[in-house]
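Me: I want to go through the pockets of this one. Here is the structure.

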Amino acid sequence: MEELSAERGGTQVAGRMASLDVLRGLTIAAMILVNNPGSWEAIYSPLEHAAWHGWTPTDLIFPFFLFIVGVSITLALGRRAENTGGPKRDLYLKIIRRSLIIFGLGLFLAGFPRYDLSTWRIPGVLQRIAVCYLIASVIFLNTKWRTQAMIAVSLLLLYWAVSVLIPVPGFGAGDLSMEGNLAAYVDRKLFGQHTWKPLYDPEGILSTLPAIATTLAGVLTGHWLRLRRSELEQVAGMFVAGASLVIAGWTWAFWFPINKALWTSSYVLLTAGLALQLLAICLWLIDIKRVRRWAKPFLIFGTNALAIYFLSELFSRIISLVTLTRDDGSAVDFQTLIYERLFASWATPKSASLLFAICIVLLWFGVAAILYRKRIFIKV
């Protein structure tokens, strides 16, 4: 998923695309930051998800990563498919293997450490990445870009239609509340207690359809990157296309609100547009103007993105299991004790919580830097 190649400015460029690695690393660093506050009770609002409708910077992180997965599909699989020339059996097997491993890692995290079969969460972040990667890869290998664009648009229209037209028992049609939306109803019926929250799961079945469209937006961007166009044309085209998607998303939001938990169609357009613009900026600065010094930490994160994300999530679960004793004799988990003694003892609650999260990011940057220095790139 992370082996990249691109053709830019009429010149074939083999190897990794630095700007995409940087954007991937920026996304993973942000993901670690928002997932590891010192206290969930003290968080600055931009570092929290929107309560329901609307969005915050935190709500951009996951769709940005799926968008990057889509770009990687085109750049990594495009050349392999062309070089294969014949049946793509080995390519399909590799795609299926990767998808199963990523899905399995997600299940492992969801159940860790007790693995209670009655409540083990089935959907999840890695699970959605695996499903979107699998389906988008199969679509990419069997269709041209126009068909891929039509599929993406069709998924967004279909999701909008079923969300507003199909009645939910006890709520009716078009109810987009936390309790009454169709996606939540489907997840409650199919998964029962195997969801993140009793009412809904933000990575549920129905909302994965527009998430596939997010990934296909990245696939289409990868096609654009492979075209033999001037560097200015590539960047300008991406930025204009991104702005158009943002406007379309804001417009659609009047009828289908922007909502990360529901992954609404307007949310797909908005986030894909912003991701496209940010990638255009990174492409211009890093791959074209070669202004790279500022981006080195994110490049380091980006070359082992999934591994660092998985390890950081596992680590946070492990340290929360270690129970220690405060001076007053009360029990507390290791993470909370560190937060209280090293940060909350002198800083305001929200600042202390943010400083704790920044330290966790720096910790994992250290791990990523060691892997990078030793040229160890963990691939699924």
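Me: Which helices each supply at least two residues of the lining of the second largest pocket?

Reply: This is a predicted model. In it, the helices that each give at least two residues to that lining are H2, H4, H5 (145-165), H7 (208-226), H8 (231-252) and H9 (265-288).

Me: Which one gives the most there?

Reply: H7, with 7 residues in the lining of the second largest pocket.

Me: What volume does the second largest pocket have?

Reply: About 950 Å³. The lining comes to 33 residues, and those closest to the centre of the pocket are Trp145, Gln148, Leu220, Thr221 and His223.

Me: And how does that lining split by class?

Reply: The second largest pocket is lined by 22 nonpolar, 7 polar and 4 charged residues.

Me: OK, switching to the largest pocket. How much space is in there?

Reply: About 1400 Å³. Its lining has 48 residues, with Asn35, Trp40, His49, Trp196 and Glu313 closest to the centre.

Me: Which elements give two or more residues to the lining of the largest pocket?

Reply: Helices H1 (18-35), H2 (61-84), H3 (89-111), H4 (125-142), H11 (305-321) and H12 (334-344). H11 gives the most, with 5 residues.

Me: How many charged residues line the largest pocket?

Reply: There are 9 charged residues in the lining of the largest pocket, alongside 23 nonpolar and 16 polar ones.

Me: Back to the helices. Where do H2 and H4 come in?

Reply: H2 and H4 give two or more residues to the lining of the largest pocket, and each also supplies at least two to the lining of the second largest pocket.

Technical notes
Residues numbered from 1 in each chain as written. Predicted model: local features only at pLDDT ≥ 70, side-chain atom pairs only at ≥ 80, totals over all residues. Heavy atoms only, no water. 1 Å grid on protein atoms, 1.4 Å probe; cavity = no way out; pocket = protein on both sides within 12 Å on 5 of 7 lines; lining within 4 Å. Points joined across faces, edges and corners; volume = space filled by probe spheres on them. Helix = DSSP H or I, 4+ residues; strand = E, 2+ residues; numbered from the N terminus. Nonpolar A, V, L, I, M, F, W, Y, C, P; charged D, E, K, R; others polar.
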